[in-house]
Amino acid sequence: MTTTDQRINLLGVESNSLVRQVGAWGNKPFRAKQLLRWVHQRGIADFDQMTDLAKGFRSTLTENCTLQTPPVITQKVSTDGTRKWLFDVGNNNAVETVFIPEDDRGTLCISSQAGCTVACRFCSTGHQGFNRNLTTAEIVGQLWQARHDIMQDMPAARLAAAGEGATSAATHEQDLRVISNVVMMGMGEPLLNYDQLLPALQLMLDDNAYGLSRRRVTVSTSGVVPFMDRLAHDCPVALAVSLHAPNDALRDQLVPLNRKYPLAELIAACNRYLERAPRDFITFEYVMLDGVNDSDEHARQLVEITRQVKCKLNLIPFNPFPESGLGRSSNARIRQFSSLLVDQGVITTVRKTRGEDIDAACGQLAGDVKDRTRISERMQAFKSIPITEISS
Ligand code: SAH
Ligand code: SF4
């Protein structure tokens with residue numbers, strides 16, 4: 001359980017632990033459900049406003065609990081509606097959260113660590129080193145705050161849509177779907193922060209909290225094999241695997257974790273994962289690096305890899321940063337590469353660019369805080385342009 005100044009930060013407490021905690025205070029289990037709804041669905045941070053809880057219980061909560069997100073340093077909204085938050089997680093560290101609205105969904109990209117130990121060559125977070133794991137409350141806090149801020153900017157129209165006499169709490173619940181998808185693709189390697197990640201995922205899926213379906217929550221990993229197995233067992237959400245190279249020699253260079261868990265082991269873990277979720281597929285992410293992993297031969301090797309797992313392939317145009325010494329493959333090369341794959345029946349998409357106007361500001365922040373992540377740039381839009389959807 002997460003504590004702040006000795007009090008329990010309720011943003012970090014999933015349902016089972018909350019039932020135990022309210023039980024210890026002499027309350028029935030359904031009180032935990034009510035509390036979850038107030039906190040996560042209605043977004044209420046003031047215990048006195050939780051009117052269907054007994055007064056005594058409310059004062060116990062006020063005394064023992066808090067509800068705190070990491071402080072927001074900046075919030076920016078792009079002309080295309082993409083939003084970005086920079087959260088202060090202490091010790092001069094910041095993490096980024098990005099919201100990408102689309103016609104039929106809204107995707108929130110969340111960070112799991114301040115920095116990252118995996119140190120991938122092409123990743124600015126990796127270059128920054130590792131500071132610390134985020135707590136469950138800090139992970140869920142990004143979601144809570146994002147929803148809160150998005151909601152604040154749309155009350156009038158939404159209230160009208162909810163019908164006459166709708167309360168703002170009811171509207172708030174209705175607008176849970178504003179964030180319809182969550183991707184753990186921000187800063188950090190989520191599976192190396194497993195103990196804090198798991199309760200956060202459980203809250204995302206909990207019907208009394210964010211109520212997202214299993215397939216609308218994606219964990220992205222560089223391939224931490226033992227924790228892929230644990231996730232398959234504990235909470236088999238959608239899985240994205242950062243592949244980036246089609247052979248061990250190159251992947252050892254680009255994703256150093258490959259030296260510990262080479263491709264054969266990674267592929268085997270992907271297949272074990274799918275045994276727990278047989279109707280799902282793995283999304284392989286592949287960042288397109290000019291002259292490094294983007295040749296026709298690489299494409300042919302990639303076809304062989306993708307034949308071994310039920311998967312889709314997402315090609316990500318590389319977002320350069322000065323220290324990397326790497327460049328982005330040209331659009332023509334990306335097209336050629338993807339058509340080689342498509343011709344072989346691989347379901348391939350290319351990630352598209354959004355929110356560029358606020359990324360510039362993100363770069364400017366680098367001097368003040370350790371914000372060299374440019375997540376919104378690398379994520380840009382989780383929505384991909386489908387090249388084709390040919391079943392393999
Ligand atoms: N650590 C996890 C999740 C965070 S990174 C992982 O590696 O999967 C999310 C995605 O952004 C990964 O696929 C990662 O490889 C990609 N990425 C990192 N740096 C990038 C860059 N400079 N340009 C484009 N994509 C990048
Ligand atoms: Fe860490 Fe992912 Fe970046 Fe690699 S790509 S350094 S695993 S955040």
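**Entry 1**

Helices here are DSSP runs of H or I with at least four residues, strands are runs of E with at least two, and both are numbered from the N terminus. Cys 123 has a relative accessible area of 17%, so I logged this residue as buried. My cut-offs: buried is under 20% relative accessible area, exposed is over 50%, and partly exposed is in between, with a 1.4 Å probe and protein chains only.

Next I turned to Cys 120. This residue sits in the loop between β8 (113-115) and α4 (124-128). Cys 120 counts as buried because its relative accessibility is 10%. Which residues does Cys 120 touch, leaving out those up to four places away in sequence? I listed Gly 126, His 127, Leu 254, Val 255 and Pro 256. Contact means heavy atoms within 4.5 Å.

I noted how the model is handled: residues are numbered from 1 along each chain as its sequence is written, chains are lettered from A and ligands numbered from 1 in the order in which they are written. The model is predicted, so local features need pLDDT of at least 70 and side-chain atom pairs count only at pLDDT 80 or more, while totals for chains, interfaces and linings use all residues; side-chain values use heavy atoms, with hydrogens and water left out.

**Entry 2: Ligand 2**

I checked UniProt. Its unreviewed entry puts the feature "binding site" at Cys 116, Cys 120 and Cys 123. UniProt positions follow the numbering used here, feature names are shortened, and annotations may be inferred rather than shown by experiment.

Then I listed the residues around ligand 2: Cys 116, Val 118, Ala 119, Cys 120, Cys 123, Gly 126, Gly 188, Glu 189 and Ser 222. A residue is near a molecule or strand if one of its heavy atoms lies within 4 Å of it. I sorted this shell into five nonpolar, three polar and one charged residues. Nonpolar covers Ala, Val, Leu, Ile, Met, Phe, Trp, Tyr, Cys and Pro; charged covers Asp, Glu, Lys and Arg; the others, Gly among them, are polar.

**Entry 3: Two asparagines**

I went to the loop between β5 (83-88) and β6 (94-101), where Asn 91 is found. Its phi is near 50°, a positive value in a residue other than glycine. Asn 91 is exposed, at 69% relative accessibility. Asn 92 is also in the loop between β5 and β6. Phi of Asn 92 is near 65°, again positive in a residue other than glycine. Is Asn 92 buried or partly exposed? I read a relative accessible area of 47%, so Asn 92 is partly exposed.

**Entry 4: Asp 280**

I found Asp 280 in the loop between α11 (263-276) and β13 (282-288). Asp 280 counts as buried because its relative accessibility is 6%. Not counting residues up to four places away in sequence, Asp 280 touches Arg 214, Arg 215, Leu 274 and Lys 310. I also checked Pro 236, which is 44 residues from Asp 280 along the chain. Their C-alpha atoms are separated by 9.8 Å.

**Entry 5: The whole protein**

I ended with totals. The protein has 15 helices and 16 strands. Of its 392 residues, 55% are buried. I took contacts between residues at least 6 apart in sequence; 67% of them join residues at least 24 apart.
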